[in-house]
Amino acid sequence: MKETHYSSQQQSSPPQTDLSKRKWIGGAAALVALSPGLRLVELAAAKPNDQPASSAVRWGMLVDTERCTDSCTACVDACQLENGWGKGSTDESRSRATQKAHWIRKVKLRDRETGKTHILPLFCQHCENPPCVDVCPTGASFKRADGIVLVDKHICIGCRYCMMACPYKARSFIHEALHDQRVLVPRGKGTVESCTFCVQRVDRGEQPACVEACAKLGNKALTFGDLSDPESAIAKQRTEVTSRAIRADLALNPRVRYQGI
Amino acid sequence: MKMAGKTAGSTRSAGVQVTFLHRLVLYVMLLAMVSLVRAAVPVPDIPLPQDAKQCVQPKSIMRREHFNFLYHQRDETMRRGIRTKRYSLVNCVSCHAQKDAKQQYIPINEKGQFCSSCHEYTAVKIDCFECHATVPVSKSAGQ
């Protein structure tokens, strides 16, 4: 088990960093062996600042639509405050409502026959085969080693091909100059953006803001974790319940799955 | 013949004198211009951080290389998720941002502040702050 772990690490990185990584992962493995209550996902989540995101981790989200209610906007509000858009910003005042940033939206689905409705939060699905990355002409859209799909705004030219390619309508474009960005969430005019799984929080071992807010309210409709770790809450839950990918027919293998639809 | 020779000699010496005078006038004008330019664009008085005594590298290296450090760090952080503090822009801002009389942070790209004063003097545009926060703490709640 340990050996396969090491060899997969070795393939993806140069030998020098490999040594330090080996040490780190070795240490993590030892810790797991020492304390049975401790899970590898937590150790992997508390990634040291000088270590790159690891391909051994595969971040994912599971949404329980049965627990999500129509009136609640806790996840959207938390995202806006954390990432500085919508209510979290005073800058996007001249854009039309349809133009404004939407990192996360609440979507209502209704069964035409029975009239049964489902409420679900929709955001970047962090696909394994992201079409936004395929179409990006500059390489600004990319997938990090741990599966998080991001926009490198340094090289984004604002062409918005990715917005057209995304079947989930997850991305938005900034139309006006911004001034009150969050310290760890740079955003700017002329670039495209979308949910980052709160990468700044994930890198310091925390849960995304929406997940935390939902849990705080007691709804617990959102579960976030490492899909590669069979011991993680999300992986266990996915073996127990039926969950679906939205637009599974496109074979994008999104890392966000929905339960109850 | 004699007259002609004398005339030729005096013309030559007069010519030499004129050239020397020309040079002198040129030097004086140049000096005046340089001093005028210096008077028009004073070397910026850069506000320095009060808490920290030294930067992450000696001043001479930072002056020439700070953008290389930032470029390198930006790709490491953005693409690979390496978030070391040393060469991060957040670290620059957290140290170099000044506070006003009300103890509120002044945006680092505002006129006369650390980044802008030097960049204005050297006429190099910075576009970091079209996206990045200009103060070390977020203006509204969240972080």
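**Notebook: cores, a helix pair and a chain contact**

I started at A:Val63 and skipped its neighbours within four places in sequence. A:Val63 is in contact with A:Cys68, A:Leu120, A:Pro121, A:Ala221, A:Leu222, A:Val256, A:Tyr258 and A:Gln259. I note that this is a predicted model.

Next I looked up the largest nonpolar core, which holds 53 residues. A:Val63 is among the members that touch the most others, along with A:Cys75, A:Cys210 and A:Leu222. I then listed the elements of chain A that give two or more residues to this core. The strands are β1 (59–64), β3 (117–123), β5 (149–151), β8 (222–226) and β10 (256–259). The helices are α4 (74–83), α7 (199–202) and α8 (209–216). α4(A) gives the most, with 6 residues.

I went on to the pair α4(A) and α8(A). Their axes come within 8 Å and cross at roughly 135°. That angle makes α4(A) oblique to α8(A). The crossing is right-handed. From α4(A), I found A:Ala74, A:Cys75, A:Asp77, A:Ala78, A:Cys79 and A:Glu82 in the contact. They meet A:Ala209, A:Cys210, A:Glu212, A:Ala213 and A:Cys214 in α8(A). By class, I have 8 nonpolar and 3 charged residues here, and no polar ones.

Last, I checked where the chains meet. Chain A puts 24 residues into the contact, and chain B puts in 21. On the chain B side, helix α2 (residues 59–80) supplies the largest share, 4 residues. That side has 8 nonpolar, 7 polar and 6 charged residues.

Key: Residues numbered from 1 in each chain as written. Chains lettered and ligands numbered in written order. Predicted model: local features only at pLDDT ≥ 70, side-chain atom pairs only at ≥ 80, totals over all residues. Core = buried A, V, L, I, M, F, W, Y, C linked by C-beta atoms within 7 Å. Buried ≥ 20, exposed ≤ 12 C-beta atoms within 10 Å, placed from the backbone. Contact = placed C-beta atoms within 7 Å. Nonpolar A, V, L, I, M, F, W, Y, C, P; charged D, E, K, R; others polar. Axes fitted to C-alpha atoms, helices over the stretch in contact; angles between N-to-C directions. Parallel < 35°, antiparallel > 145°, perpendicular 65-115°, else oblique. Left-handed = near helix turned anticlockwise from the far one by under 90°.
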